[in-house]
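Dear colleague,

Please find the structure below, handed over for your study.

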Amino acid sequence: MSEFELGMVLEGVDPCHESLICCLSISEIQGCRLRLHFEGYTELHDFWCSADSPFLFPVGWAKHNGFPLQPPKGYEAGSFNWFDYIMTNKLRAVPRCLFSVPWDLPLPDHFFSEGQKLEAVDPRNPDHICVATVAIVMANRICIHFDGWDNTYDFWTKVDSPTIHPVGWCEQHDRALSLPEEWCRQVFTWDRYLESTCSEPVMPAAFRPRQPIPFDLGMKLEFVDPRNTRLVRIGTVVDPNPYPGFLQILPDGWGEKFAFITLDSSMELLPVGYCHRTGHPLEPLPT
Ligand code: MLZ
């Protein structure tokens with residue numbers, strides 16, 4: 001990945017607040033993975049991400065495509081200007097041709113619109129199906145916000161994910177629906193909720209879940225360690241379907257308590273041979 005160089009600036013989704021697009025720079029490169037730094041912030045917030053992530057964008061992309069951009073620390077959103085910032089600080093932008101996302105985002109070809117309501121599985125708590133809102137639409141991806149929760153739970157999903165459902169799905173499938181806190185003390189019905197929030201539901205026909213990804217018990221893979229995202233390890237699928245759209249991985253050589261559940265579509269799951277092919281270190285098995 002020689003085209004990406006240390007210090008180059010770019011835009012990208014903050015993995016801890018996925019509804020925010022931020023100003024970033026490259027602080028380290030390992031194979032095809034980048035350590036990214038939030039401009040103006042301490043390196044404690046740095047995070048690792050694959051260079052071909054659909055959540056990294058060239059400088060100017062957010063504005064060009066109509067999304068708000070969080071400026072570097074110390075700058076006002078209204079007055080921040082990338083061009084001045086790059087000139088003043090003698091920076092270089094990552095060339096546009098290196099991004100997997102096109103400069104002109106394609107128009108959505110689905111029926112999800114911002115502000116509409118749905119029921120969505122919380123990927124960090126996959127037994128919770130929650131009242132949720134389409135916060136942002138970006139081509140065939142939507143950013144989901146869980147009503148009544150802060151934006152640290154927001155997450156991007158493709159519109160054909162098996163983890164999103166139309167309003168009323170939980171009732172039809174005899175499942176508990178997690179409500180926004182203020183609705184836990186009053187009778188919740190979707191009709192009442194939609195009326196009180198002046199909102200519309202996503203139309204049921206919009207939900208066209210894809211086929212499951214064919215992971216099988218015992219399959220090997222490489223994966224980004226969720227506890228330290230610098231590291232790529234070898235793992236085994238120990239449960240191919242703990243919840244629809246999820247699988248459980250055990251890091252090879254580690255005890256059962258280190259098994260974790262993740263979305264089967266996660267970009268942190270990598271095929272066997274990924275590290276060798278891309279020149280990324282592969283963590284040795286514990287001895
Ligand atoms: N135990 C967690 C669950 C949060 C679930 C949020 N779902 C949007 C907590 O209470 O923080």
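Strand S7 (residues 125-138) supplies the largest share of the shell around the ligand, namely three residues; helices (H or I, at least four residues) and strands (E, at least two) are DSSP runs, numbered from the N terminus. Please note that this is a predicted model, in which local features need pLDDT of at least 70 and side-chain atom pairs count only at pLDDT 80 or more, while totals for chains, interfaces and linings use all residues. Residues are numbered from 1 along each chain as its sequence is written, and side-chain values use heavy atoms, with hydrogens and water left out.

**The ligand**

The residues around the ligand are Asp122, Asn125, His128, Cys130, Phe146, Trp149 and Tyr153, each with a heavy atom within 4 Å of it. The protein buries 66% of the 340 Å² that the ligand exposes when taken alone (accessible areas by the Shrake-Rupley method with a 1.4 Å probe). By class, this shell has four nonpolar residues, two polar and one charged; Ala, Val, Leu, Ile, Met, Phe, Trp, Tyr, Cys and Pro count as nonpolar, Asp, Glu, Lys and Arg as charged, and the others, Gly among them, as polar. A polar side-chain atom of Asp122 lies 2.8 Å from a nitrogen atom of the ligand, and one of Tyr153 lies 3.1 Å from a ligand oxygen atom.

**The cavity**

One cavity of 30 Å³ or more was counted. On a 1 Å grid over the protein atoms alone, a cavity is a set of points where a 1.4 Å probe fits but cannot get out, and lining residues have an atom within 4 Å of a point. Grid points are joined across faces, edges and corners, and a volume is the space filled by probe spheres set on the points. The largest cavity holds about 40 Å³ of space, and its lining includes Arg233, Trp254 and Glu283. That lining has six nonpolar, no polar and three charged residues.

**Phe215**

Phe215 sits in the loop between helix H4 (190-196) and strand S11 (220-224). Leaving aside residues up to four places away in sequence, Phe215 touches Leu221, Val237, Pro240, Leu247, Asp264 and Leu269, where contact means heavy atoms within 4.5 Å.

Notes. A polar contact is a pair of N or O atoms within 3.5 Å; within protein, one must be able to donate a hydrogen and the other to accept it, and residues adjacent in sequence count only if both atoms are side-chain atoms. On a 1 Å grid over the protein atoms alone, a cavity is a set of points where a 1.4 Å probe fits but cannot get out, and a pocket is an open set with protein on both sides within 12 Å along at least five of seven lines; lining residues have an atom within 4 Å of a point.
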